[in-house]
Amino acid sequence: MTHRVYIHTVGCQMNVLDSEMVIADLKRHGYTVVDTPQEADCVLYNTCSVREHAEEKIYSALGKIRESKKANPDKLIGVMGCMAQKDQEIIFKRAPYVDMVVGPGQLHAIPELLTKIRDGEGRQMAVSLGRKDDKQAVVARSHETFDPLRDPSMRPTPFQAYLRIQIGCDKFCTYCVVPNTRGPEQGRVPQQIVSEARLLAEQGCREITLLGQTVNSYKYNADGETTDMTSLLEMLHEVDGIERIKFVTNYPKDMTERLLIAVRDLPKVSPYLHVPAQSGSDVVLKRMKRGYTIAEYMEMFERIEHILPDAAVSSDFIVGFCGETEEDFQQSIDLIERCRFKNSFIFQYSVRPGTKASERLQDDVPREVKADRNHRLLDVQNRIAKEENAKLVGQDVQVLVEGPSKKADQSDPDAMVLQMTGRTHCDRIVVFDGNRRQAGQMLDVHVDDVSSHTLIGRVKTVDVVSIGL
Ligand code: SAH
Ligand code: SF4
Ligand code: F3S
């Protein structure tokens, strides 16, 4: 009998990738994927704990699925990912009808755990993520068997894929739950990464995005030799079929000159760097234990500007962190004004149990003040993004076409012209009038207009006169 699985994914790119792999694994075990939880006999939630809101959404989805579990007790409900790791037994307490809780280090065990539940062995939990050496090896082995499982049908597009190069995080920023949910930082074996990139290319993938919490800190040591991010990029650059290589998320202190020179000299590597600053204030950065001052961040930023003058740089900011004053916040505004980021993701601080900040610092910025600072910072960032985008008006950009845009009128499947969307090498979103067949192609688009998030253009057609025909 074939089982029908439905998966609901929230959180970061790591989770999107994990869901792709869990589905690839389950398909190998005879499962088929369905589009709604109602049709499924197994419903999986791939969860995130980075902010409280992300968790509440999952608990509320679990509340909703309860009725359908009552009507059909054989329907298996699984919670996987970061919240599974963080909450463990709490999930069974809050939602007693959940059958399975699996952390990010045990995802390879899901098919077996589901079989055990069906065989009457009761609910299952697999969540160990110890920081001791032997436990690290277990998690790394899990990824070795698991990461190469790829399923193009689960990707946003078949020609773009994520590729994990680093597991976990050791930075322990005081606000952040990720080192607890994803375990210790470990670089994956470079040869395995390269062979996975080859597999992706064979599946028709043209763009890969390398994933790690501090991706540019990537290191792998074996036989007295160290492979760092720069060497890894050089190796991946050789993979035929892969035309663009992006990587997220970067840690400011590890943005070396050597790495920036590689980004400049390897044409497939995108001139796009996501390097979150988190705050513009030294006092706040210290309380966050980010490990750099604004002077050091600016030194890094100037290094980027010097080596890669045309690169797009983006950031993350947390507003309303413990003790953040209006003056501290003003310094975040100043930093955006100085760096003129392509975009910034802005988050209101959310206390996470188990983090240093939750134990030692007071969450003393009122909710309304956080919301107000969020809006103000976003306004500044959006204005700057639009001004920066405006510089591209009149220029041609190379776009990897992803598919019809969200706004495209798709009511007529035979429509000849519809709005398509894609991204430039430096990760800017572009929309233009085109057709479905262009998806997956690399096209030159002439930019006519911009907003803060989008370039609006038209496809360059071959100029018949200028080539003398
Ligand atoms: N490893 C990445 C980011 C991981 S989490 C890095 O170091 O940049 C993604 C973003 O969520 C972070 O950059 C941060 O801006 C935000 N974030 C993390 N913990 C948070 C919290 N407790 N409250 C609000 N935002 C948070
Ligand atoms: Fe969290 Fe800091 Fe690690 Fe990023 S570097 S995942 S913010 S602890
Ligand atoms: Fe969330 Fe885990 Fe990613 S906490 S942001 S899903 S690493």
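The questions and answers that follow concern a predicted model.

Q: Why is Lys 75 called buried?
A: Buried means under 20% relative accessible area. Lys 75 has a relative accessible area of 2%, so the term applies. The residue is in the loop between α2 (52–71) and β4 (76–81).

Q: What makes up the surroundings of Lys 75, apart from neighbours within four places in sequence?
A: Lys 75 is in contact with Pro 37, Gln 38, Ala 40, Asp 41, Val 43, Ser 68, Lys 69 and Asp 99.

Q: What makes the pairing of the Lys 75 side chain with the backbone oxygen of Pro 37 a polar contact?
A: A polar contact requires N or O atoms within 3.5 Å. The backbone oxygen of Pro 37 lies 2.7 Å from a polar atom of the Lys 75 side chain, so the pair falls within the cut-off.

Q: How do you know that the length of α8 agrees with what a helix should span?
A: Helix α8 comprises 13 residues, 190–202, and at 1.5 Å a residue these should span 18 Å. The end C-alpha atoms are 19 Å apart, which agrees.

Q: Which residues of α8 are buried, and what makes them line one face?
A: The buried residues are Pro 190, Ile 193, Val 194, Glu 196, Ala 197, Leu 200 and Ala 201. Seen down the axis of α8, they fall within an arc of 160°, so they line one face of the helix. In general, an α-helix has 3.6 residues a turn, so residues three or four places apart point the same way. On the other side of α8, Gln 191 and Glu 202 are exposed.

Q: What covers the buried residues of α8?
A: The cover includes α1 (13–28), β7 (160–164), β10 (207–211), β11 (219–222), β12 (225–228) and α9 (229–237).

Q: Why is α9 described as largely enclosed by the rest of the structure?
A: Seven of the nine residues of α9 are buried, so the description holds. These are Met 229, Thr 230, Ser 231, Leu 232, Leu 233, Leu 236 and His 237. Among the elements covering them are α8, β10, β12, β13 (244–248) and α10 (257–265).

Q: What makes Asp 228 a cap of α9?
A: A side-chain oxygen of Asp 228 lies 3.3 Å from the backbone nitrogen of Thr 230, at the N-terminal end of α9.

Q: Why does Tyr 297 count as buried?
A: The limit is under 20% relative accessible area. Tyr 297 is at 1% relative accessibility and therefore counts as buried. The residue belongs to helix α12 (residues 294–307). Beyond neighbours within four places in sequence, its contacts include Pro 252, Val 275, Tyr 292, Leu 335 and Phe 341.

Q: How do you know that ligand 1 has polar contacts with the protein?
A: The requirement is a pair of N or O atoms within 3.5 Å. A nitrogen atom of ligand 1 is 3.0 Å from a polar backbone atom of Tyr 175. An oxygen atom of the ligand is 2.7 Å from an N or O atom in the side chain of Gln 278. A backbone N or O atom of Ser 350 lies 2.8 Å from a nitrogen atom of ligand 1.

Q: What makes up the shell around ligand 2, by class?
A: The shell divides into seven nonpolar, two polar and two charged residues. Among the residues surrounding ligand 2 are Cys 169, Cys 173, Cys 176, Lys 171 and Arg 290.

Note on methods
Residues numbered from 1 in each chain as written. Chains lettered and ligands numbered in written order. Predicted model: local features only at pLDDT ≥ 70, side-chain atom pairs only at ≥ 80, totals over all residues. Heavy atoms only, no water. Helix = DSSP H or I, 4+ residues; strand = E, 2+ residues; numbered from the N terminus. Expected span 1.5 Å × (residues − 1). Buried < 20%, exposed > 50% of the residue type's maximum accessible area, 1.4 Å probe, protein only. Arc of directions from axis to C-beta. Contact = heavy atoms within 4.5 Å. Polar contact = N/O pair within 3.5 Å; in protein donor to acceptor, adjacent residues only side chain to side chain. Near = heavy atom within 4 Å. Nonpolar A, V, L, I, M, F, W, Y, C, P; charged D, E, K, R; others polar.
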